[in-house]
Amino acid sequence: MAGKTRGDATLALDGLLFDGMTIMAGGFGLCGIPENLIAAIRDAGVKDLTVVSNNCGIDDFGLGILLAGGQIKKMISSYVGENKLFERLYLSGELELEFNPQGTLAERIRAGGAGIPAFFTKTGVGTLVAEGKEVREFDGELYVMERGLVADLSIIKAWKGDTEGNLIYRKTARNFNPMMATACKACVVEVEELVEVGGLNPDAIHTPGIYVDRILQGAVFEKRIERVTTRARETAETGAA
């Protein structure tokens, strides 16, 4: 069997990309996003993509660069408020959008990975979220049916990984990445540090390598902050009573 490791993001995606495919992309805002794989998808030029991700990056970074290149046809998301281009494309009808409550999006992905085709939730009942969906009563309460999600490809980011694809995420960068690794036909991972098998503490592994098809050590990680908010630094004068 061929090994899972690849030298760069382009090689890691070789043979997996095609027009009209569905891609899951891990991350929350700009935290824990697969920067190198997103750039490689941009360079590949595939189009008419349906992308499942909590949000769509910002105008010049993350998934926003695919949006700017006209490669995304539809977003299945929860929050899109940081991207002005996204707003313009959606309001003009150039971009399809399937909005989800954040917990519902997470559960749709988890359900897809667990082989659950649909589930019922109270979230969204009586709102636009429930329009066109089955609503059923359980124990005197109304629930809306949501479908599980499965993608052609998941691109995810982890902190450390080994050559068999076992992964450790760092703090909140875990976010949507673990569940997306399970809900796809092919999973490609970029890590900050790639070690040999045995280099990870088995008790610390979050995603087992059985879910990972290809893995690479990312060339560079900018790790931008989505919106910087800081307090003015106190000086001796301003801090004095």
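# Notes on the predicted model

1. Starting with α2, its buried residues are E35, N36, L37, I38, A40 and I41. Here buried means under 20% relative accessible area, exposed means over 50%, and partly exposed is what falls in between, using a 1.4 Å probe and protein chains only. Helices (H or I, at least four residues) and strands (E, at least two) are DSSP runs, numbered from the N terminus.

2. Numbering runs from 1 along each chain as its sequence is written, and side-chain values use heavy atoms, with hydrogens and water left out.

3. Which residues touch the most other members of the largest nonpolar core? They are M75 and I155, out of 31 residues in that core. At least two residues each come from α1 (9-13), β1 (22-25), α2 (35-44), β2 (49-52), α3 (64-68), β3 (72-77), α4 (84-91) and β8 (153-162). The biggest giver is α2, with four residues. For the record, a nonpolar core is a set of buried Ala, Val, Leu, Ile, Met, Phe, Trp, Tyr and Cys residues joined through side-chain atoms within 4.5 Å. In soluble globular proteins, nonpolar side chains tend to be buried together.

4. Look at M75 up close: leaving out residues up to four places away in sequence, M75 touches V51, S53, N55, C56, L63, F86, L95, E96, L97 and E98. Contact means heavy atoms within 4.5 Å. There is also a second, separate core of 21 residues, and V52, C187, V212 and I215 are among them.

5. In α4, the buried residues are L85, F86 and L89. Seen down the axis of α4, they fall within an arc of 100 degrees, so they line one face of the helix; the arc is that of the directions from the helix axis to the C-beta atoms. K84 and L91 are exposed on the other side of α4. The buried residues of α4 pack against α3, β3 and β4 (96-99).

6. Now α5 (residues 102-114). This helix has 13 residues and reaches 19 Å from first C-alpha to last, close to the expected 18 Å at 1.5 Å a residue. The expected span is 1.5 Å times one less than the number of residues in the helix. Buried in α5 are T104, L105, R108, I109, A111 and G112. They cover an arc of only 160 degrees around the axis, which puts them on the same side of α5. As background, an α-helix has 3.6 residues a turn, so residues three or four places apart point the same way. Just after α5, G115 has a positive phi of about 80 degrees.

7. Two residues that are not glycines deserve a look for their backbone. Most residues other than glycine have a negative phi. D48, in the loop between α2 and β2, has a positive phi near 55 degrees and is partly exposed at 38% relative accessibility. K171, in the loop between β9 (167-168) and α6 (177-182), has a positive phi of about 50 degrees and is exposed, with a relative accessible area of 64%.

8. How much space lies in the largest pocket? About 260 Å³. Of its 15 lining residues, G32, K157, A173, E192 and K223 are the closest to the centre. β8 gives the most to this lining, with three residues. On a 1 Å grid over the protein atoms alone, a pocket is an open set of points with protein on both sides within 12 Å along at least five of seven lines, a cavity is a set of points where a 1.4 Å probe fits but cannot get out, and lining residues have an atom within 4 Å of a point. Points are joined across faces, edges and corners, and a volume is the space filled by probe spheres set on the points.

9. The structure holds one cavity of 30 Å³ or more. The largest cavity has about 50 Å³ of space, and residues lining it include G26, G27, I38, S53, N55 and L63.

10. Last, L16 sits in the loop between α1 and β1. L16 and C187 are 171 residues apart in sequence and 9.8 Å apart in space, C-alpha to C-alpha. Neighbours within four places in sequence aside, L16 is in contact with M21, L153, A186, V188 and R214.

Note on methods
This is a predicted model: local features need pLDDT of at least 70, side-chain atom pairs count only at pLDDT 80 or more; totals for chains, interfaces and linings use all residues.
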